[in-house]
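Take a walk through this protein, one element at a time. Keep the sequence and the 3D view side by side as you read.

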Amino acid sequence: MTGYVDPTKEAFAAYGRESFPAFSRFGGHIVWRGRFELMLIGPRDATWDACFVAECISVAAFVEMLRDPVYREAAKHRQAAVLDSRRVRLMPSEAGIGFLAQ
């Protein structure tokens, strides 16, 4: 359909534009971004439109960002855009040999 704008993609784009000032103010940056290709472990019908890894300077900064009024206003677009998502806080650790840190 010519001229059709996917409202969920536009909502997520608005989330990105409007949340970036708070995200960067609290020391956040994107360290990896990729495109979904294949579900190896998990529901066969699950797909993802966007995948990325973001890094914040601390847990406290991340939580503070989530409470920030600018971010909270932008988050309305995220809620309108996504059907399902995951937001996982990971504690950095040393890389090791194999799957577990040494």
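A polar contact is a pair of N or O atoms within 3.5 Å; within protein, one atom must be able to donate a hydrogen and the other to accept it, and residues adjacent in sequence count only if both atoms are side-chain atoms. With that rule in hand, look at D68. Its side chain reaches the backbone nitrogen of V70 at 3.0 Å. We will come back to this spot.

A word on sources comes before the tour. This is a predicted model, in which local features need pLDDT of at least 70 and side-chain atom pairs count only at pLDDT 80 or more, while totals for chains, interfaces and linings use all residues. Residues are numbered from 1 along each chain as its sequence is written, and side-chain values use heavy atoms, with hydrogens and water left out.

Begin with the whole. The protein has 3 helices and 2 strands. Helices (H or I, at least four residues) and strands (E, at least two) are DSSP runs, numbered from the N terminus. From that end on, the order of the elements is α-β-β-α-α. The C-alpha trace spans about 55 × 35 × 20 Å along its principal axes. Its radius of gyration is 16 Å, whereas a compact globule of 102 residues would have one near 13 Å. That radius is taken over C-alpha atoms, and the globule rule is 2.2 Å times the number of residues to the power 0.38.

How much of the protein is buried? Of its 102 residues, 19% count as buried. Buried means under 20% relative accessible area, exposed means over 50%, and partly exposed lies in between (1.4 Å probe, protein chains only). Contacts tell another part of the story. A contact means heavy atoms within 4.5 Å. Among contacts with a separation of 6 or more, 65% are between residues 24 or more positions apart.

Now follow α1. This helix covers residues 7–25. Its 19 residues should span 27 Å at 1.5 Å a residue, and its end C-alpha atoms are 28 Å apart, so the two values agree. The expected span of a helix is 1.5 Å times one less than its number of residues. The helix bends by about 45 degrees at S19, and a proline, P21, follows within four residues. Such a bend is the angle between axes fitted to the seven residues ending at a position and the seven starting there.

Which residues of α1 are buried? They are A11, A14, Y15, S19, A22 and F23. These residues pack against β1 (29–34), β2 (51–55), α2 (59–67) and α3 (69–81). After the helix comes G27, whose phi is positive, near 85 degrees.

Stay with S19, the site of the bend. S19 counts as buried because its relative accessibility is 7%. A polar atom of its side chain lies 2.7 Å from the backbone oxygen of Y15. Leaving aside neighbours within four places in sequence, S19 is in contact with Y71 and A74.

Next, move to β2, where E55 is found. E55 is partly exposed, because its relative accessible area is 39%. Leaving aside neighbours within four places in sequence, E55 is in contact with G27, G28, H29 and V31. E55 and R89 are 34 residues apart in sequence, yet 9.3 Å apart in space, C-alpha to C-alpha.

Return now to D68, in the loop between α2 and α3. D68 is buried, because its relative accessible area is 11%. Its contact with the backbone nitrogen of V70 sits at the start of α3. The side chain of D68 also makes a polar contact with the side chain of R25, at 3.2 Å. Not counting residues up to four places away in sequence, D68 touches A22, R25 and F26.

From there α3 runs on for 13 residues. The helix reaches 19 Å from its first C-alpha to its last, close to the 18 Å expected at 1.5 Å a residue. Its buried residues are Y71, A74, A75, R78 and A81. What covers them includes α1 and α2.

Finish with the cysteines. How many disulfides does the structure hold? It holds 0, where a disulfide is a pair of cysteine sulfur atoms within 2.5 Å. C51 is in no disulfide, and the nearest cysteine sulfur, that of C56, is 18 Å away. C51 counts as partly exposed, because its relative accessibility is 23%. C56 counts as buried, because its relative accessibility is 14%.
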